[in-house]
Amino acid sequence: MSQMPQQAALAKCPSCAEPLESGDLFCGACGYDLSVVPAPPQDHPTLTMTGPAAPADGVDWPAPDPAGSGGTPPTAHRATDVPGTDSGGNPLHGREQQHPQEPQDPPASGVRFDRPAEPEEYPLQAPDPRVAADAAVPEGAAKVCVACRAGQVDDDGYCENCGHAQPRERDHMERESGPVAAVSDRGLRHHRNEDSFAVGDTALPDGTPAAVAVVCDGVSSATRPDEASAAAARTAGDLLLAALPRGRHPQQAMHEAIVAAAQAVDALAGEPASAREHAPHQNAPACTIVGAVVTSGLLVVGWVGDSRAYWVPADRSAPVARLTEDDSWAAQMVAAGLMNEAEAYADERAHAITGWLGADAYELEPHTASFKPDRPGVVVVCTDGLWNYAETAEEMAEIVPLDAATRPLHAARVLVGHALDGGGHDNVTVALLPFPAPPQGAGSA
């Protein structure tokens, strides 16, 4: 769940949320000094690239350590620690080439306790994805209540014994398509699942396999966030699966998919005027998005908002990395050097997003990056419902099963289970893509 979007132009005071006028230096309500709030970092849309990538182009990844060297590889925390290309086509330089005054990130806990307590909106717990007994009920057999485990469920979805409403279809979703899989769960505190995803596998014109995953997180403070995430994930996934076989470069296709997803979410705001009259206080539907495309030699990610992608190599002694940078208040504070990461994420405004899809978005700035890993691994694409319980790349790597590349659906269930064990305070969605993409027809063991 992403928090209430904050306009990049500071339409509201970051301290008291009172409206601001253009050019204000201080908040007229609370006196907050607006000069300490940094402007959002500039980013440029993806440059047009045509034709398949040649084996020698792109970025040279660091060679694997020689066998028996005994050296410990440096730990990578962010995308800038792993060679790649940003959305402007510029190299992503390593941490040693960054500004010497850039503050170093302190160790961060993998579980966040700074969120306010949330009401038990829907006391019935969603199905546990780790339970192996989720086999399909035989056709014609009566469904048993998930709450009392005794009563039968009537046609309206309620238990005839205890009266509990049964989980809705979207409360827990799983899907596997070739080598890629995803799982989404409502969690333990929310009354509905506002996340959504799309996964699929296809082939490039030369027959090279490609896998696609898109994960979206509805903004709970917006109207119909569940519809926004579903529309964005479906639109972006469909466009990627249609564009890649036609020879579109994966990074350009990712940029176009995010733009199309934004348009689909924008369209949800075009409801009848009569509906707006009955609910004038409602804002436009909104969501975040993160996607990944994996081929035999290229990894592309794209995002808007605070959903993330992580790189976890099969050799866990090799560097791991977070491939995305949040569009959030906390990330802006850290980037501006005003706070370290621990201080920024401890603030109540930490999860206020500065980028999202929706008609209320100030300006759409899709971020994309491409990488060429030199070793096999797995890409984790997830909402903050998971990374709140495994924030750093190292913490994420610790909970990803060693066989995630060969059993992505099982691994996705394990990761969702980790979030539920941590408290399940939010909807949680995760997709896993093995790198390199295996031949079509390969899937979970």
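**Entry 1: the chain as a whole**

I began with burial and noted that buried residues account for 49% of the 445 residues in the chain. I keep in mind that this is a predicted model. I then looked up the secondary structure and recorded eight helices and twelve strands in the chain.

**Entry 2: a sheet**

I next asked in what order the six strands of the open sheet stand. The order I recorded is β1-β2-β12-β11-β7-β8, and the pairing is antiparallel. Which strands stand at the edges? I found β1 (172-177) and β8 (321-322) there. Each of these has a single partner strand, so one side of each is left without a neighbour in the sheet. I reminded myself that the strands of a sheet pair through backbone hydrogen bonds, in either a parallel or an antiparallel manner.

Strand β11, residues 377-382, pairs with strand β12, residues 428-435, in the antiparallel sense, and six bridges join them. Within this pair I located Val381, which stands opposite Ala431 in β12.

**Entry 3: Asp226**

I looked up Asp226 and found this residue in helix α1, which covers residues 225-243. Is Asp226 buried or exposed? Its relative accessibility is 18%, and Asp226 therefore counts as buried, the cut-off being under 20%. I also listed what Asp226 touches, leaving out residues up to four places away in sequence: Arg170, Arg192, Asn193 and Glu194.

**Entry 4: the cysteines**

My last search was for disulfides. A disulfide is a covalent bond between the sulfur atoms of two cysteines. How many disulfides does the count give? The count comes to zero. To understand why, I applied the cut-off, which requires the two sulfur atoms to be within 2.5 Å.

I checked Cys145 and found that its closest cysteine sulfur, in Cys162, is 3.7 Å away, which is too far for a bond. For Cys159 the closest cysteine sulfur is in Cys162 at 3.6 Å, again too far for a bond. I also noted the burial of these residues: Cys145 is buried, with a relative accessible area of 0%, and Cys159 is buried, with a relative accessible area of 5%.

Terms used:
Residues numbered from 1 in each chain as written. Predicted model: local features only at pLDDT ≥ 70, side-chain atom pairs only at ≥ 80, totals over all residues. Heavy atoms only, no water. Pairing = 2+ DSSP bridges. Helix = DSSP H or I, 4+ residues; strand = E, 2+ residues; numbered from the N terminus. Buried < 20%, exposed > 50% of the residue type's maximum accessible area, 1.4 Å probe, protein only. Contact = heavy atoms within 4.5 Å.
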